[in-house]
Amino acid sequence: MFLSNAEQIRDADHIMIQEMDFPGILLMEEAGKKATEKLLKLYPDKDDFIIIAGPGNNGGDGWVIARYLHLWGKHVQVYCSYDPLMLQGDARINFDIVRHLPIAYGIWNPQHSDRILDEGNPPVLVDALLGTGIRETLRDPIATMLAYWREKSLPVVAIDLPSGLSAETGTMINEVLSAEHTLTFQLPKICHHVYPAAGACGKIHVLDIGIWPPVIERLSIQRRVLDDRFVKDTYLPRTSDSHKGSFGHALVVGGSYSMSGAIAMTAQAIMRSGAGLCTVLCPAECSQTLMVRTPEVMCLEGEGPFFSVEDVASFLDLLPGKDVVVIGPGMRQEPATLEFLESVLEEVEVPIVLDADALNLLAQMDNYESFLSPETVLTPHPGEMQRLIGDPVQGQRLEVAEQFAQETASILVLKGAGTIIALPDGKTFVNPSGNPGMATGGSGDVLTGIIGGLIAQGYTPAVAAPLGAYLHGKTGDKLAEKKGMEGLLASDMAESLPSVWKDTLVKTEMS
């Protein structure tokens with residue numbers, strides 16, 4: 001599913017209205033009607049609704065919702081951020097219609113609101129104050145209204161997006177009224193899936209209001225929310241005459257004393273993702289753990305307890321015939337290991353996946369960009385990303401990821417809630433799958449293995465990175481649903497991956 005910004009949605013509206021002669025008021029009518037239908041499904045036992053409406057089209061949607069809720073027999077009150085008689089355009093038309101119905105409305109004041117809330121069963125609050133165009137700090141009366149309603153702890157449903165968020169970014173530019181549900185129209189917006197803003201949106205519901213598919217195609221949207229359809233569209237089916245050589249050979253480099261589990265989980269995930277063969281180069285201390293946990297892999301022991309230039313020759317001996325090289329899990333940040341990494345990166349001509357301490361070592365190189373290419377996948381968590389770029393990450397995840405991928409001509413998988421996969425050609429994927437139960441040691445090692453295993457099988461790095469992130473998150477979601485979030489293990493995720501992939505393909509085949 002495409003992920004849009006405010007300009008793209010405005011362009012879609014403009015094309016529909018100006019070029020297709022489709023009246024804008026019909027789009028507003030459909031938005032309000034579909035939103036009301038969803039509200040009634042989400043809160044079937046609620047009879048009281050408060051709508052806070054602003055001066056623009058978002059407020060216009062609110063007036064349509066008020067009308068339909070009233071016609072469904074619900075008690076509705078509308079509080080406006082300013083005199084509704086000053087409304088214009090389609091919003092004014094819908095306000096004028098409401099004036100003929102017994103729906104209470106008026107300019108908001110906290111004293112009147114307090115009396116309403118004291119009357120009994122708390123109502124559902126529908127936030128139709130502001131739409132997608134906000135890019136700056138809120139001013140009164142909007143800021144005061146939002147502060148007031150934040151204190152009331154009502155169930156909140158945001159129309160299009162929680163007022164005060166920007167559709168352009170995941171950055172929190174204002175303190176907003178967090179929603180249980182957000183009802184957005186035609187396409188999700190950036191703030192719905194990019195954190196920290198996404199944390200204020202609750203569950204996202206995308207409602208089709210009738211913008212034609214050819215109009216959406218004309219927008220040339222480069223960002224996408226990953227979904228099951230992406231899995232189906234990118235899947236490489238297996239033929240009956242396949243053999244283990246048909247699905248590639250991955251070389252994994254990692255591990256160190258006391259860090260054998262990381263490389264074992266990565267190797268296991270490579271095999272569970274479907275790769276035909278996997279060879280691991282690791283210190284001797286890691287080999288026993290590796291072979292016990294994943295006997296399907298081949299293992300060559302390094303020269304010491306951690307990697308150094310003495311291991312370069314062994315690496316070069318193993319490199320021929322490999323389809324992908326995965327470096328980093330459990331590697332450690334020794335000075336000698338930095339020398340090793342610089343030496344081997346110069347020799348690799350196949351796709352590379354860099355994770356964990358390979359990224360930390362990379363950050364210590366003055367010219368690390370010279371080692372990257374469009375077939376290099378980096379999988380940092382926010383701390384590792386900050387070491388790579390020298391600046392904070394969390395408040396501006398999307399901007400950081402896209403800038404890095406394009407400036408370094410590499411593929412970036414910025415891990416975390418709403419993992420962002422940015423490609424050097426400007427395409428970006430946001431991953432909605434996954435849950436807090438996956439915040440456990442080894443989870444990133446499994447993700448690295450999945451991506452590496454997909455590349456080994458013939459998926460391009462530009463496909464393997466988003467596909468791997470989505471399958472990794474879906475596996476965590478399935479385990480959380482089955483077992484609960486507490487106590488999930490990374491090894492559980494690798495073990496469950498094949499069944500999740502199968503179930504996803506079957507589901508999309510049937511839909």
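**A helix end and its surroundings**

Author: The side chain of Thr408 reaches the backbone oxygen of Phe404 at 2.7 Å. That is a polar contact: a pair of N or O atoms within 3.5 Å, where within protein one must be able to donate a hydrogen and the other to accept it, and residues adjacent in sequence count only if both atoms are side-chain atoms. The model is predicted, so local features need pLDDT of at least 70 and side-chain atom pairs count only at pLDDT 80 or more, while totals for chains, interfaces and linings use all residues. Residues are numbered from 1 along each chain as its sequence is written, and side-chain values use heavy atoms, with hydrogens and water left out.

Thr408 belongs to helix α16, residues 397-408. Helices here are DSSP runs of H or I with at least four residues, strands are runs of E with at least two, and both are numbered from the N terminus. The side chain of Thr408 also makes a polar contact of 2.7 Å with the side chain of Ser410. Leaving out residues up to four places away in sequence, Thr408 touches Glu369 and Leu372. Contact means heavy atoms within 4.5 Å. Is Thr408 buried or exposed? Thr408 counts as buried because its relative accessibility is 8%. Buried means under 20% relative accessible area, exposed over 50%, and partly exposed in between, with a 1.4 Å probe and protein chains only.

Now strand β15, residues 411-414. Both of its faces are covered. Ile411 and Val413 are buried on one side, Leu412 and Leu414 on the other. In a regular strand, side chains alternate between the two faces of the sheet. β15 runs parallel to β14 (residues 376-378), joined by two bridges. Strands pair if DSSP finds at least two bridges between them. Leu412 is the bridge partner of Leu378. β15 also runs antiparallel to β16 (residues 420-422), with three bridges. The hairpin of β15 and β16 has five residues between the strands, and Gly416 takes a positive phi near 130°.

Next, helix α10, residues 260-272. Its 13 residues reach 19 Å from first C-alpha to last, close to the 18 Å expected at 1.5 Å a residue. The expected span is 1.5 Å times one less than the number of residues. Eleven of the 13 residues are buried, so α10 is largely enclosed by the rest of the structure. Among the buried residues are Ser260, Thr266, Gln268 and Met271. Just after α10, Gly274 has a positive phi of about 115°.

α10 packs on α17 (residues 443-457) at about 35°, with axes 7 Å apart. Axes are lines fitted to C-alpha atoms, for helices over the stretch in contact, and angles run from 0 to 180 degrees between N-to-C directions. The crossing is right-handed. Right-handed means that the near helix is turned clockwise from the far one by less than a right angle; anticlockwise is left-handed. α10 contributes Ala262, Met265, Thr266, Ala269 and Ile270 to the contact, and α17 contributes residues including Asp445, Val446 and Gly453.

Elsewhere, an open sheet of seven strands has the order β3-β2-β1-β4-β5-β6-β7, with parallel pairing. Its edge strands are β3 (104-107) and β7 (203-207), and each pairs on one side only. Neighbouring strands of this sheet are turned by 20° against each other on average, direction ignored. β1 (residues 48-53) and β2 (residues 75-80) pair in the parallel sense over six bridges. Ile52 stands opposite Tyr79 in β2. Helix α3 (residues 57-71) touches β1 through β6 as it packs on the sheet, its direction about 160° from that of β1. Helix α2 (residues 24-42) lies across strands including β1, β4 and β7, running at about 155° to β6.

A few loops complete the tour. The bond from Asp140 to Pro141 is cis, with omega near 10°. Pro141 lies in the loop between β4 and α6 (142-150). Tyr195 and Pro196 are also joined by a cis peptide bond, with omega about 10°. Pro196 sits in the loop between α7 (190-193) and β7. Asp21, not a glycine, has a positive phi near 55°. Asp21 is exposed, at 66% relative accessibility.
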